[in-house]
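Hi,

Here is the structure I promised to pass on. Have a look at it first, and my notes follow below.

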Amino acid sequence: MKLSRKFLCDYIDLDKEITINKLAEDMTNVGNEYESAGPLINATNLVVGQVIKCQKHPDSDHLHVCVVDIKSELLNIVCGAPNVKEKMKVIVAKPPANLPNGKIKKTTIRGVESNGMLCSLEELGLDNKFLSDKDKEGIYEFKTDVEIGTDAIKALGLDDEVIDFELTSNRADLLSILGMAYEIGAIYNKKIKDIDLTYKPDKNIDINDEFKIDIKTNDCSLFLAKKAINLKIKPSPDFIKNRLIASGIRPINNVVDISNYVMLETGQPLHFYDAKRLGNKIIVRNAYNNEKLTTLDKIQRTLNEEDIVIANEKEAIGLAGVMGGYNTEVENDTVDIIIESAIFDNIKVRKTSKKILRSEASNRFEKGIDPKRTYMAIERSAHLLEKYADATIISGMCTYDKTNNVDKEIEIEIDKIKKVLGIDIPKKTSIDILNRLGFIIEDNNQTLKVKVPTRRLDINIKEDLIEEIGRFYGMDNIKAKLPIFDGKIGKFNKIKRDIRNKMISLGLNETLSYSLINDKDIDKYVNNKFEKIKIADPMSEERTTLRYSLIPSLKEIYEYNKNRNYLDISIFEIGKGFYREKNEYKEENKLALLLSGNYINSLNKIKVDFYIVKGIVEQLLDYLGYKNRYSFTTNNIPQQLHPGISASIIVMGTEIGILGKISPLETKDDIFVAEINLDKLFSIRTSKIQFVPINKYPAVVKDLSFIIDKKIEAQKIVDQIKQSGGKNLNKIEIFDVYMNENIGINNKSIALKLTFVDDKKTLTDDEVNINIDKIIKNVVNKFNAKLRDDNQ
Amino acid sequence: MDNIKIIKEQLLKDLQTIDTIKKLNDLKIEYLGKKGKITTLNSTIKSIDDDKKKEFGIKLNDLKQTFNTKYKEMYEKLNQELINQKLESERIDITLPATKIKYGSKHPISRVIEEFEDLFLSMGYTIYDGPELESDENCFQKLNIAKGHPARDAQDTFYLENEYENYLLRSQTSAAQVRAMEENKEKGPLKIVCPGKVYRKDEDATHSHQFMQIEGLVIDENVSMADLKGTLELFLKKFLGEKTTVRFRPSYFPFTEPSVEVDISCFKCGGKGCNLCKQTGFIEVLGAGMVHPHVLQMCGYDPNKYQGFAFGTGIDRFTMFKYSINDIRTIYGNDIRFLEQFDRRDDNNEIK
């Protein structure tokens, strides 16, 4: 909302000493922020001058050399505007002058001295949309009665200042000059001046005799219509034009301008219909599905029953609260008009305007309108039409009113103010603040009964009143204190933090990527079926679907860094995976890793391989308390992973994740990834740390190596040994695996170190050998293994 | 007798030629071996006259002692030389590059979240984790933002497919307020913070369509705006430095009444005015207020008995302040060269 100081001063006497910046700051302190504040025209040293002599520039085919009288002196000025001519009264920028687009200094243009510039309105910083066709053509020409040598901005009537407010959405009342006047009046303790609503109606006819309104929808709570006849369409007086320009609205003609002017003053948008084209009845109803309407902008719109339309007996003629229809628009030949002042359902207007156009009018309907202003606005427009469009106002008004426009009464306990704000504000001060805001107070000692005017749609409960008191007392005057601590300790599940720290200690960089990914990646690196979730109206093709696996995001990060020649990558992320199940939306915490390049970087580099990633996964599982409770299988590997270099991670029989190398079908690079469903993992019981006494008897260590078929997984041998090794077999460690021709090309040799220990006595070799023999026998039989003879 | 003297002189001479432990041991055999020179002398004692036996014995012992002492000295000297040689041969170039185990690093957003969590935990708050997929009811309606409410404009929301105004990616962590209040079956005092991801259709240098917020909520019979101010002052001073001052400005949020915007004195210029604070000396960092009685009511609390305060802020901005990051896209860019910079503990909590 742009607030013109001149416009504001029509309704309150604002002290000259209050600068526009001070006003803006004082408004900010009561909760009304602003974007900018300053003069409407940001220029200096502009005076009215008259061109006395105008000759062609000797060295140019479009420049003129002018002598300009600015009363105090005659200036020689080179001018490039096509419309410059002798006797013309013009805007002169006298050096040193500042214009929005630069400084004007004395200069020489193609050999001729130029002591200033003749200006167009555009050069003063006025937006193109405010300019008439004539103004766009060249420099501005004053009317002949303007006195030369005077301040040009003042002569233009543009010596105004503007604050551009960014208002909060609850303050519908501030979308009007009157509302601003009340708010600013409360800050500086000023009374509001009356608004002139007088006119002389033509008592010979009453509108109700010849015009009818028929409200057929609940989406219109108040509808008023009046008729003005015999009006003359012409340009508005300068003060109306300039106030509209200062408020950011383009002047058009006196009639259209008056509807906008009244909207700015009262906050009530009006609509004027050409009475002849409209006919003698207005119907307000919901649109039919697929009903067509050509709006003011000549675009044909297709409507549905969510839209509210204004119609005559034939067809829809306007979209209520959003935009008028093309057929009933006020044109230059219009003589009689029907004035509409109404309130339409804010949600419906919001929906329609979102579809079609957000305008000054729709914005006000969306935020809500005070019914009293609906009445005020129609009378005000009658006053202005009579005064500035020579209209005759027909007496009477068509009225449909379902609103309750009685002032609200709210009772508030004095104690409650202190309880909420935490400060003791004297009762007198509270009452004074509410009075300044124009509220009427009944002091009942411990409580106040407050009558709130209807214009304050935002005030409904006592907390709203407390906020008003706080706003004007100064929220910043509240003295800080700390709440009394109830002694309870907060709860916090820090497991995700522990996982994060573990991953970092293993040398991985934590990433943070987007949950929304490209739909084409959604089921990659996943080995189960799930129902994906898409966004209704995505911002881009890249971000349409909620990720289920985090690996596609990590892969994207890999590509990004690879393109920047960064190839040693070890990253992880903890985030959520999303899916739908039985019409419910689900999200699960996941941890994903991606490693590529060198894991250890030195003279002796160590490249990332399957076993490094497996090691990281094992370390994490051990750390989280799943030691000895997990295993790896080659079942159920996602398609995007290498079938021979990948595994599923099983904890206590439940598959909780995958790890492996990305398939060569996906990438040429050696990239290893893993993903663990943390929620699944956390649902599995962990082992607590419980001290086990340290064994004081010596251990017996035996090495065994077998030659077996190379397809047999080492884990199978380990499991067999575990089964056959007896209770004293404490540890099995694979310390060497190799393949070579000497042992047969389909074979591998696997060497294991077995540790035996008894917690009650020292084991003898003979005791251990009984177990060893059993192990050898079982492994040899079961796997068709050959015991290597170098065993001891 | 003379033999002893001769052997001793010979021994001393021989010792001078010894330069290895092997030669030293050979010498030991030569003198003290089974047929060694000294051993042989030992056996001649029988043929010596009784009156001279004692003297012979003393001299022979003296010779043995001399040998042993000299042997020991010599052995230690030679052994030391050997060790020195070995150590010298093992010498490495300590200036060669170290074995570099990869850097691990914590994302700056995680760092700031953890710092916030620890701060609020120390004040007795519970860390609450709410879902990112939310119902319109929890994210808006129960926060006093009915369907069609103009405040919805400020947050262009990602609705899920076929779920317009029904199910969405939460646009504010305030949704967690609703959950925490509803889950608290006793409907008694509550003290939570909820950090987490939120989503809005917005993308430029200061906005990302996905970002991080933290929401705080305290409910009790007597908590007031003054308590809110004290809490936020403590939190902001701890994070941004003790010199930070906090300013309350009235504002509007549908779910709090009264509502305030919270400004901090600019940590970059100390309030004098600079580019960061747009010459105002203050930076807007937080929205807060007293929980709206309708919200309390909708979440099952008795607004006549309980009142509370709530606050919410963007974690991304604090992260950008703390580490002087200018563009939010850097945070979500995941360039390794960015991530690796966060490879050590934070030196202190003061932003300079």
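What percentage of the 352 residues of chain B count as buried? The figure is 38%, where buried means 20 or more other C-beta atoms within 10 Å of a residue's own, exposed means 12 or fewer, partly exposed is in between, and the C-beta atoms are placed from the backbone.

Some housekeeping. This is a predicted model, in which local features need pLDDT of at least 70 and side-chain atom pairs count only at pLDDT 80 or more, while totals for chains, interfaces and linings use all residues. Residues are numbered from 1 along each chain as its sequence is written, with chains lettered from A and ligands numbered from 1 in the order in which they are written.

Chain B first. It has 12 helices and 10 strands (DSSP runs numbered from the N terminus: H or I of at least four residues for helices, E of at least two for strands). Its radius of gyration is 43 Å, well over the 20 Å from the globule rule for 352 residues, so chain B is more spread out than a compact globule. That radius is taken over C-alpha atoms, and the rule is 2.2 Å times the number of residues to the power 0.38. Along the principal axes, the C-alpha atoms of chain B fill a box of roughly 130 × 50 × 45 Å.

For a residue-level view, take B:Gln80, which sits in helix α4 (residues 50-89) of chain B. B:Gln80 has 10 C-beta neighbours inside 10 Å and therefore counts as exposed. Its C-alpha atom is separated by 84 Å from that of B:Phe140, 60 residues apart along the chain.

Now for where the chains meet. The contact takes 75 residues from chain B and 76 residues from chain A (a contact means C-beta atoms, placed from the backbone, within 7 Å). On the chain B side, helix α8 (residues 225-240) gives the most, with eight residues. That side divides into 35 nonpolar, 18 polar and 22 charged residues; Ala, Val, Leu, Ile, Met, Phe, Trp, Tyr, Cys and Pro count as nonpolar, Asp, Glu, Lys and Arg as charged, and the others, Gly among them, as polar.

Within chain A, five strands form an open, mixed sheet in the order β14-β17-β20-β21-β22. Its edge strands are β14 (212-215) and β22 (323-324) of chain A, each pairing on one side only. β14(A) runs parallel to β17 (residues 281-286) of chain A over four bridges, and A:Asp214 stands opposite A:Ile283.

Last, helix α12 (residues 371-388) of chain A. Its 18 residues should span 26 Å at 1.5 Å a residue, and its end C-alpha atoms are 26 Å apart, which agrees (the expected span is 1.5 Å times one less than the number of residues). Of those 18 residues of α12(A), 14 are buried, so the helix is largely enclosed by the rest of the structure. After α12(A) comes A:Asp390, with a positive phi near 55°.

Cheers

Notes
Contact = placed C-beta atoms within 7 Å. Pairing = 2+ DSSP bridges.
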